[in-house]
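This briefing goes through one protein model, topic by topic. Keep the sequence and the 3D view at hand while reading.

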Amino acid sequence: MHEFSIATAIIEQTCAVAREYDADTVTEVHVVIGAHRQVVPEMLETAFDAAKCGTIAESATLLWRETPLRAQCAQCLAAFEPAEVFWRCPNCGSNRCNILTGDELLIKSVVLEQSKEDGATDDRAPDEDAPMSKPE
Ligand SMILES: [Zn+2]
């Protein structure tokens, strides 16, 4: 199940971004999944929900968009959507084709939330580290 390692990587990157922006929570993670990656979005979502536990992205929702597999013939530059793994250009029959889209798997955007005011000018100590909040 490679969805789990993908989900773990997504969470790691998301947490790195959240730390960079000093965010408290991550609410949404938008990803783009290429059809060529053969990722089952529902399985990725399940893996994401497992991987996010105990991280800053614990309450984040995974939102995805799939991009279709598109290839371009290196010979005649015709673009097409291959149906099989070993494709040929439908225009000239060449098998020298490059993937245009469908091979990507990336984080498009991350929605962060900050509970503390940024740049607030009060006299309180800058780092009042609250202990991990636990239910009463
Ligand atoms: Zn061609």
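Of the 136 residues of the protein, 20% count as buried. The model is a predicted one, and its average pLDDT is 85. Two helices and six strands make up the secondary structure.

**Overall layout**
- Read from the N terminus, the elements follow the order α-β-α-β-β-β-β-β.

**Confidence**
- A pLDDT of at least 70 is reached by 82% of the residues.
- Confidence is highest in strand E1 (residues 25-34), with a mean of 96, and lowest in strand E5 (residues 97-101), with a mean of 91.
- Over residues 119-131 the pLDDT stays under 50, and the model has zero contacts beyond four places in sequence for them.

**Helix H2**
- Helix H2 covers residues 41-51, and its buried residues are Leu 44, Ala 47, Phe 48 and Ala 51.
- Viewed down the axis of H2, these buried residues fall within an arc of 105°, so they line one face of the helix.
- Glu 42 and Ala 50 are exposed on the other side of H2.
- The cover over the buried residues of H2 includes helix H1 (2-20) and strand E2 (61-67).

**Val 32 in strand E1**
- Val 32 belongs to strand E1.
- Val 32 counts as partly exposed because it has 15 C-beta neighbours inside 10 Å, while a buried residue needs 20 or more and an exposed one has 12 or fewer.
- Beyond its neighbours within four places in sequence, Val 32 is in contact with Arg 65, Thr 67, Glu 104, Leu 106 and Lys 108.

**Two loop residues with positive phi**
- Asp 22 lies in the loop between H1 and E1.
- The phi of Asp 22 is positive, at about 55°, although Asp 22 is not a glycine.
- Asp 22 has 10 other C-beta atoms within 10 Å, so it is exposed.
- Gln 38 lies in the loop between E1 and H2.
- Gln 38, also a residue other than glycine, has a positive phi near 55°.
- Gln 38 counts as exposed because it has 10 C-beta neighbours inside 10 Å.

Technical notes
Residues numbered from 1 in each chain as written. Predicted model: local features only at pLDDT ≥ 70, side-chain atom pairs only at ≥ 80, totals over all residues. pLDDT = per-residue confidence, 0-100. Helix = DSSP H or I, 4+ residues; strand = E, 2+ residues; numbered from the N terminus. Contact = placed C-beta atoms within 7 Å. Arc of directions from axis to C-beta.
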